Amino acid sequence: DNAMERIPFKRLCFMIDCSRNAVMNADNLKSWIDILQNLGFNSLMIYTEDTYEIDGHPYFGYARGRYTKEELKTIDRYARSRGIEVIPYIQTLAHIEQLFRWRDYSDLCDCDDILICDENKTYQLIEDMFSTLEECFSTRIVNVGMDEAKSIGRGKYYDIHGNCDKKEILLRHTKRVAKIAKDHGFDICMWSDMFIHFATGSDKYFCPDAEIDERVGSEIPENTSLIYWDYYKRSKKDYTNMLKLHEKLKDGTWYAGGI
């Protein structure tokens with residue numbers, strides 16, 4: 001009896017962190033692909049902040065164990081032979097602080113670990129990211145991150161543009177990233193917390209009883225899906241209510257748990 005035939009979801013995905021602490025080498029990643037196939041998973045998401053090769057960016061992931069493009073292609077081919085879709089998970093807004101260690105990228109930092117928005121140099125970098133993804137992966141979906149960027153627009157962006165609405169900055173940025181993705185043939189998914197904050201007006205992410213400003217949801221690009229992440233709840237009701245909140249914002253919510 002094939003476990004793959006019993007999956008009740010379009011995707012049953014496992015995410016491996018290939019950015020923080022140590023980067024799993026390609027051979028070990030193949031071993032994980034075999035394990036996931038045996039467990040009945042049909043997709044694997046690899047989390048790479050800056051740990052993959054980009055043409056013209058020698059310091060992107062330098063000395064961090066980054067994957068070469070050939071390694072990514074090999075991993076993708078191997079996974080497909082096992083019935084596993086490899087989904088790249090990159091960062092296009094926050095959680096990219098390792099990049100800012102290098103002088104070549106210091107002018108791309110808004111503050112903390114956040115890329116500066118509304119600047120062409122930022123979108124050229126993201127364009128180059130997607131060029132690698134298009135060349136190396138057969139999937140047509142990418143996780144672009146964008147979570148936990150509460151200080152967006154409050155650093156170098158503020159010095160250039162003054163006090164701007166953080167929600168509007170995020171929406172403009174999301175639309176530009178989604179357009180770049182579409183031009184390279186991709187749909188995107190992204191963590192939902194920033195949109196939940198702006199749509200509910202709450203600093204809390206887990207606020208299932210909050211009212212949703214549907215105008216925020218209407219501005220999310222068509223080729224963009226939200227991911228509800230939650231590792232803490234103990235009752236089915238809590239998860240159900242948060243899923244309903246997400247569906248009010250945008251159809252087609254993904255769910256991410258933790259193990």
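Analyst: Here are some terms and the reasoning behind them, for what is a predicted model.

User: Why is L39 called exposed?

Analyst: L39 has a relative accessible area of 56%. L39 is found in helix α1, residues 26–39.

User: And what makes W32, I35 and L39 a patch?

Analyst: A nonpolar patch joins side chains such as Trp, Ile and Leu within 5 Å, from residues with over 30% relative accessible area and no salt bridge. W32, I35 and L39 form such a patch on the surface, with about 280 Å² of accessible area together.

User: How do you know that β1 and β2 pair?

Analyst: Pairing needs at least two bridges. β1 and β2 have five, in the parallel sense, so they qualify. F14 stands opposite L44 in β2. The chain passes from β1 through α1 to β2, in a right-handed β-α-β crossover.

User: Which side chains of β1 are buried?

Analyst: In β1, residues 13–17, the side chains alternate. Buried means under 20% relative accessible area.

User: What makes β2 and β3 partners?

Analyst: Again the test is at least two bridges, and β2 (residues 43–47) and β3 have five in the parallel sense, so they pair. Here L44 stands opposite V86 in β3. Together with helix α2 (residues 69–81), β2 and β3 make a right-handed β-α-β unit.

User: Why is β3 called mostly covered?

Analyst: Four of the five residues in β3 (residues 85–89) are buried.

Definitions and conventions:
Residues are numbered from 1 along each chain as its sequence is written. This is a predicted model: local features need pLDDT of at least 70, side-chain atom pairs count only at pLDDT 80 or more; totals for chains, interfaces and linings use all residues. Side-chain values use heavy atoms; hydrogens and water are left out. Patches are made of residues with over 30% relative accessible area and no salt bridge: like charges are joined within 9 Å, nonpolar side chains (Val, Leu, Ile, Met, Phe, Trp, Tyr) within 5 Å. Accessible areas come from the Shrake-Rupley method with a 1.4 Å probe; for residues, only the protein chains shown count as cover. A salt bridge is a side-chain nitrogen of Lys or Arg within 4 Å of a carboxyl oxygen of Asp or Glu. Helices (H or I, at least four residues) and strands (E, at least two) are DSSP runs, numbered from the N terminus. Buried means under 20% relative accessible area, exposed over 50%, partly exposed in between (1.4 Å probe, protein chains only). A crossover is right-handed if, with the strands pointing away from the viewer, the path from the first strand over the helix to the second runs clockwise.
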